[in-house]
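I opened this notebook to record, entry by entry, what I looked up in the structure shown below.

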Amino acid sequence: YLQLPADLTKMHLTDSPHPQVMHVPSSQSGCSIASDSGSSSLSDIYQATESEMGDVDLTGLPEAPVDSEDEEEEEDEDIDRTSDPLLGRDVVRECLEKEPADKTDDDIEQLLEFMHQLPAFANMTMSVRRELCSVMIFEVVEQAGAIILEDGQELDSWYVILNGTVEISYPDGKSESLCMGNSFGITPSLDKQYMNGVVRTKVDDCQFVCIAQQDYWRILNHVEKNTHKVEEEGEIVMVKEHRELDRSGTRKGHIVIKATPERLIMHLIEEHSIVDPTYIEDFLLTYRTFLTSPLEVGNKLLEWFTVDSLRDKVTRVVLLWVNNHFNDFEGDPAMTRFLEEFEKNLEDTKMKGHLRLLNIACAAKAKWRQITLQKPSRDSPLFFSLLGGSDKGFGIFVETVETGSKAAEAGLKRGDQV
């Protein structure tokens, strides 16, 4: 815990974080509160105490020596980070050069990690990508200007460029250049297809992955069997995809890939598949992209808390929320009130263990800040009440703050520790 200066009489009160100290007239009295639940730091208090001492001459003080060992370690880390992509590509190439039957689960995971960055695979589900990675074949064309496909040639594969550039020259004289991540060749159909134009390499060392027509059609045509659609009142509100994380079949289940905002919120308290164990964390990280206010989630959680069977699940969501995204609460008065109401619900239902976890999470994420509250006279009300002290055996905390009062406007909150 940070200690306040021993001589508090030397502290000036400030109404802004500006370094300039403001002297409060004798006709006014003030209350300076250093809280541990804000977004500012304690530096404002130190500014006030140091200003009383006057300008401090720092000349002549020794400069802190630079730790050369730390610098060398950082340089080593930079070198490691720089070489990682090259190392990754070498590992991917080793996986690609194996025959499809020889690829292990680890090989397919390596390929998945690499392939999901390429535009050709962008709109495919994970299970489709996984299947394609298990059957793809690696090909290299060493020389620039080599013809890969002739005009009118029967197609039998789908190609994705991993390195280099190819040019497609069409019969009408137009041409098109394709680079890393682009694809050409067949469409997912068993019908006979023929190349329209000539495909040739533009640079040396062009690398491709090829997927045979039969495999390409089979995998893309059977996407429907890997998805489960949830309908409500005749409309699809959620789409789940079946995934298997290994070939043993022990780690398999459904993962949500599409849903309406309302259905995504509801899924917070539903059973999550073994293949989607971090749904709550993912939701709390991304909900800002499809919800206008966090209260849409907060109000539903308070509503579900009244149901005995959902209480533990709701509490887990709130604890993860507070622990991972505390700014959502301390920066929003409405969300602070939500947290207070949730805390009261935990007290009323005597969930003391969960209440303690909530208090620990809030205390761990809280930050020091300085608040200045000015009154017209010493007899004026403070608009807040305190709890605790040495006679109680714990610190001094703000118990209540009147809504809309000067104390609330100054930023004082219930639970602030003085």
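**Entry 1: a buried threonine**

I began with Thr 315, which counts as buried because its relative accessibility is 0% (buried means under 20% relative accessible area, exposed over 50% and partly exposed in between, with a 1.4 Å probe and protein chains only). I noted that the model is predicted, that local features need pLDDT of at least 70 and side-chain atom pairs pLDDT 80 or more, while totals for chains, interfaces and linings use all residues. I also noted that residues are numbered from 1 along each chain as its sequence is written, and that side-chain values use heavy atoms, with hydrogens and water left out.

Thr 315 lies in helix H9 (helices are DSSP runs of H or I with at least four residues, strands are E runs with at least two, and both are numbered from the N terminus). Leaving aside residues up to four places away in sequence, I found that Thr 315 touches Phe 305, Phe 342, Leu 346, Met 351 and His 354, where contact means heavy atoms within 4.5 Å.

**Entry 2: helices H8 and H9**

I then followed H9 (residues 311–324) to helix H8 (residues 295–305), and the two axes come within 8 Å and cross at roughly 150 degrees (axes are lines fitted to C-alpha atoms, for helices over the stretch in contact, and angles run from 0 to 180 degrees between N-to-C directions). That angle makes H8 roughly antiparallel to H9, a label for angles over 145 degrees, whereas under 35 counts as roughly parallel, 65 to 115 as roughly perpendicular and the rest as oblique.

On the H8 side, Val 297, Gly 298, Leu 301, Trp 304 and Phe 305 meet residues of H9 that include Thr 315 and Trp 321.

**Entry 3: the sheet E10-E11-E12**

Next I looked up an open sheet of three strands, in the order E10-E11-E12 with antiparallel pairing (two strands pair if DSSP finds at least two bridges between them). Strands E10 (227–232) and E12 (252–259) stand at the edges with a single partner strand each, so one side of each is left without a neighbour in the sheet. Strand E11 (residues 235–244) pairs with E12 over seven bridges, and Glu 244 has Lys 252 in E12 as its bridge partner.

**Entry 4: the hairpin E14-E15**

Last, I checked strands E14 (residues 384–389) and E15 (residues 394–401), which run antiparallel and are joined by six bridges. Gly 388 has Ile 396 in E15 as its bridge partner. Four residues lie between the strands of this hairpin, in which Gly 393 takes a positive phi near 90 degrees.
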